[in-house]
Amino acid sequence: MGALPVLLTWFWISFLLVSDVQGDTRPLVRELLKRNPDKVRPVINESTAVGVKFEIVPRRILYLSEIHQELKLFCWLRMEWKDEFLQWDPADYNGTDSVFISREDTWYPDIVLYQSNAPPSTPADYVPFVVSSDGTVYALMPQIYTANCRMNLTLYPFDTQECVLKFGSWAHNGNLMNISALVEKGETETYLQNGEWDLESLEIVNNIMYYSCCPEPYFDVDYTIRLVRAPLFYILNLMIPFMVLSLLSAAVFITPPESGEKVSLAVTTLLSLVVFTQLVLTIIPAASDGTQPIIGLYFVGSVVGVSIVVILSVLSLHAFNSKDSGRPVPRYLRFIVLTCMGTICYKLHVLRKPPNKEKRQPRFSCYGYSSRSKSQNPQSDCTILDNQHATGANNGNIFTLPDTATFPRDGEPGNTADTTNGVPRGSVRVPGTMDDGMMHGRGYGKAAVNLAGQGDGEMTNMAMDWVEVSRVMDRFFLISFALILCGIAIANIIQHL
């Protein structure tokens, strides 16, 4: 049977008892109040302790502040004690066995909440006490308590809080007032559900305490309220957006460097995470005693992780842009990235191996036509000439080719007087590596062989190496970031099991 039906029944019986009184009860009330006009402790023998039974029935959690470590509780307060001055024989008063007496007209226990953050509360003036003929006084009234509640937010927002409310007499020691719980088990059936907190249990413990100031014992009652937070609001509005932003930071490693948005995406994600972290810091207390929320540490760790993502994306972008620098990939970088990181990426099939690089051949042209070949083709009008085949000296930027070299006919044989723009028709201009000189061919005819693109192959290979370094770095960092996120998620799941 719940507390609410019991209390209503108790009040209803009290009302019936009073309403069935034959005659006026005012003479009885006046007579009772004359016995203790000074409202002193209600015992005839001063050595007798007043026995007070005490109970609170939680009705609603008004608020629980994490920052102020404060609980505000609305509850029903119920007390019973025996007043030896308020006893009578019902037969002498027309069978009247109970009356109502105002709180201001009689003595009541000075029971207070020891951890109160507000001035001591007093029973409501508009609620009278019910006094029976044997001197038992029943007090039932609504009450609001504001208590200091030490909170442990380590598992926030999946936390469970325990607030201990200690009630006792402020002035009377155990020799003058004996306080005990009215019931052995707390009542939770009448609790009105809170949108954030659920009342899981209410434990009651009777204590006898000794303090350094006084040798006498002091009786008190501890009510331990166990509250479980409903995390749905925080999951939908805090955790899921934060996790989405954390996953979004992984997209930095799959963003093409040509887009120019890698660093911008990383920095934007970082700023968003910082905003969410500041939001969490505004709702948790500033404590350094080991009770900081794990989620706060996760948020800070994520901010640090995304900051590292920004740095790594800059390094990857720098490697990609180095393809136009004309510098080869350093050996240590080739070993770390292409050999170590690349092997992992290739084995995990998150990155395809680049195609085998073919050695680029010297490019030459015959009468304006370009071609590539590895050996002399008898059917062709041109024969490949490498630098090592050239003999003679550089005479005025003119290189003489060996007599064994054959060239296609150019007009009539022996015609060596033809020129084009002042350059003999049997010559070839070699830029760059050959000092922009000219090679003069002797033999069967004359041909123009253009070796301008002889070094293009090496330049292209170096550029491809830098691009491959950038690709491997992106994929390896993506794998590492995903593994770290999965590890954190698994650790949190195991911790909550």
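Reader: Where is Lys-39 placed?

Author: Lys-39 sits in the loop between α2 (26–34) and β1 (50–65). Helices (H or I, at least four residues) and strands (E, at least two) are DSSP runs, numbered from the N terminus. This is a predicted model, where local features need pLDDT of at least 70, side-chain atom pairs count only at pLDDT 80 or more, and totals for chains, interfaces and linings use all residues. Residues are numbered from 1 along each chain as its sequence is written, and side-chain values use heavy atoms, with hydrogens and water left out.

Reader: Is Lys-39 buried, exposed or partly exposed, and what makes it so?

Author: Buried means under 20% relative accessible area, exposed over 50%, partly exposed in between (1.4 Å probe, protein chains only). Lys-39 has 37%, so it counts as partly exposed.

Reader: Which peptide bond is cis?

Author: The bond from Tyr-156 to Pro-157, with omega near 0°. Most peptide bonds are trans. Pro-157 lies in the loop between β6 and β7 (160–169).

Reader: What makes Glu-66 and Arg-229 a salt bridge?

Author: The rule asks for a side-chain nitrogen of Lys or Arg within 4 Å of a carboxyl oxygen of Asp or Glu. In this pair the closest N and O atoms are 2.8 Å apart, and the salt bridge forms. Glu-66 is in the loop between β1 and β2 and Arg-229 in strand β10 (residues 214–229), so the pair ties together parts that are 163 residues apart in sequence. By this rule the count comes to 11 salt bridges.

Reader: Which salt bridge does Arg-229 form with Asp-159, and how do you know it qualifies?

Author: Their closest N and O atoms are 2.6 Å apart, and the limit is 4 Å. Arg-229 in strand β10 and Asp-159 in the loop between β6 and β7 are 70 residues apart.

Reader: What about Asp-222 and Lys-166?

Author: They form a salt bridge, with the closest N and O atoms 2.8 Å apart. Asp-222 is in strand β10 and Lys-166 in strand β7, 56 residues apart. Asp-222 is buried at 12%. Lys-166 is buried at 16%. Elsewhere, salt bridges that share partners join Glu-66, Asp-159, Glu-196 and Arg-229 into one network.

Reader: What makes β5 and β6 a pair?

Author: Two strands pair if DSSP finds at least two bridges between them. β5 (residues 129–132) and β6 (residues 136–148) have 2 bridges, in the antiparallel sense. Val-131 stands opposite Val-137 in β6.

Reader: In which order do the strands form the open sheet?

Author: The 6 strands run β3-β5-β6-β2-β1-β8, with mixed pairing. β3 (98–101) and β8 (177–181) are called edge strands: each pairs on one side only.
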